[in-house]
Amino acid sequence: MSDVIIVGMPRSNLTRTVRIACLEKEIPFEFTSRNVQTPGQNATPTVLRHNPFGKVPVLIHGSFVLYETAAICRYIDDHFPGPLLRPVPAQKIARMNQWISLAMTRLDQNIIRNFVIPMVFADHQRRHDPAFATEMTRLADVIRHDLSVLDKAYADGWIMGERFTLPDMMIMPILHYLNAMPGGTGMLEDAPMVLDAYHRFKARSSAVQTDPLLPEQILKSA
């Protein structure tokens with residue numbers, strides 16, 4: 001049994017980010033979703049015991065417990081031996097932190113929380129509500145803008161250059177869900193550098209091992 005345990009939801013893009021970081025760092029870990037709430041449900045006592053805010057993922061390393069995806073990923077990279085998941089020069093680290101912040105506060109919010117989840121869980125009545133359609137169209141325009149910004153950043157292969165680093169591990173699982181949405185593939189095709197990175201991401205062992213295997217409900221959402 002590994003002394004590193006990741007608690008989370010299999011289809012959570014944030015949980016996937018942490019699992020990818022462990023795999024890329026080449027450290028053994030145990031992944032568990034036991035006693036974790038299903039999406040949209042109240043936090044379970046087990047999760048609240050680890051994180052008073054009731055969110056996953058959570059990292060348990062011996063007696064040390066840590067929550068918040070960015071903090072977990074930095075801890076994994078700083079604490080364990082193995083391939084570096086970040087650049088070394090100070091300015092590049094600052095730039096990396098910029099993209100990590102944007103991934104967590106903007107891309108995750110706009111794409112996953114405000115676009116994908118409402119699209120997936122909207123009932124028939126809401127799907128045919130003009131106000132809902134208007135809001136989804138507005139968000140699609142925001143996402144296209146953000147992808148155009150990312151496209152320039154991915155011109156050298158990955159967002160920090162030639163190496164797959166922590167910001168990529170946060171951004172790519174988000175794009176996995178966008179790609180499954182109606183119109184999502186077209187959005188990515190308008191950002192060819194991002195799309196190329198996404199295809200290369202899908203071929204990585206860490207991505208294959210953590211693939212959430214999206215259900216029909218997501219793949220056929222409209």
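Axes are lines fitted to C-alpha atoms, for helices over the stretch in contact, with angles between N-to-C directions running from 0 to 180 degrees. Helices (H or I, at least four residues) are DSSP runs numbered from the N terminus. The model is predicted, so that local features need pLDDT of at least 70 and side-chain atom pairs count only at pLDDT 80 or more, while totals for chains, interfaces and linings use all residues. Residues are numbered from 1 along each chain as its sequence is written, and side-chain values use heavy atoms, without hydrogens and water.

The axes of helix 4 (residues 90-121) and helix 7 (residues 166-180) come within 9 Å and cross at roughly 15 degrees. Helix 4 and helix 7 are therefore roughly parallel (angles under 35 degrees). Contact (heavy atoms within 4.5 Å) involves residues including Trp99, Leu107 and Phe115 in helix 4 and Met170, Ile174 and Leu178 in helix 7. The residues of this contact comprise 18 nonpolar, no polar and one charged; Ala, Val, Leu, Ile, Met, Phe, Trp, Tyr, Cys and Pro count as nonpolar, Asp, Glu, Lys and Arg as charged, and the others, Gly among them, as polar.

Helix 7 also packs with helix 9 (residues 192-203), at an angle of about 100 degrees and with the axes 10 Å apart. Helix 7 and helix 9 are therefore roughly perpendicular (65 to 115 degrees). Their contact is made by Met172, Pro173, Leu175, His176 and Asn179 of helix 7 with Val194, Ala197, Tyr198 and Phe201 of helix 9. Seven of these residues are nonpolar, two are polar and none is charged.

Terms used:
Helices (H or I, at least four residues) and strands (E, at least two) are DSSP runs, numbered from the N terminus. Angles under 35 degrees count as roughly parallel, over 145 as roughly antiparallel, 65 to 115 as roughly perpendicular and the rest as oblique.
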